[in-house]
Amino acid sequence: MTARHDLAADTSSDWYRQPVVWLGVIVFLASIAGCVWIIVMSVRYADTPLETSHAVFGVPVSAHSSRAPPTSRSTP
């Protein structure tokens, strides 16, 4: 008589025996820990304004307005 291959008894394909799953879990937890670390480190240091009058990386330092927005005309 030949031995029957029982899929329920085969434990080599369990999800917790797959190294790719554990690698994914480790990468996910490391990214969450990195996000928490960045948030904690950013709270420690104040965001002081720059002492400059020109644009920094193309972003203006202060708000400036262009021409006034067009006014809407109401028809009688």
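Where is Val 36 found? Val 36 sits in helix α1, residues 19-44.

## The model

This is a predicted model, where local features need pLDDT of at least 70, side-chain atom pairs count only at pLDDT 80 or more, and totals for chains, interfaces and linings use all residues. Residues are numbered from 1 along each chain as its sequence is written, and side-chain values use heavy atoms, without hydrogens and water.

## The chain

The protein chain has 1 helix and 0 strands. Helices (H or I, at least four residues) and strands (E, at least two) are DSSP runs, numbered from the N terminus. Of its 76 residues, 0% count as buried. Buried means under 20% relative accessible area, exposed over 50%, and partly exposed in between (1.4 Å probe, protein chains only).

## Two residues

Val 36 is partly exposed because its relative accessibility is 47%. Tyr 16 lies in the segment before α1. Tyr 16 also counts as partly exposed, because its relative accessibility is 42%.

The Tyr 16 side chain makes a polar contact with the side chain of Asp 14, at 3.0 Å. Such a contact is a pair of N or O atoms within 3.5 Å; within protein, one must be able to donate a hydrogen and the other to accept it, and residues adjacent in sequence count only if both atoms are side-chain atoms.
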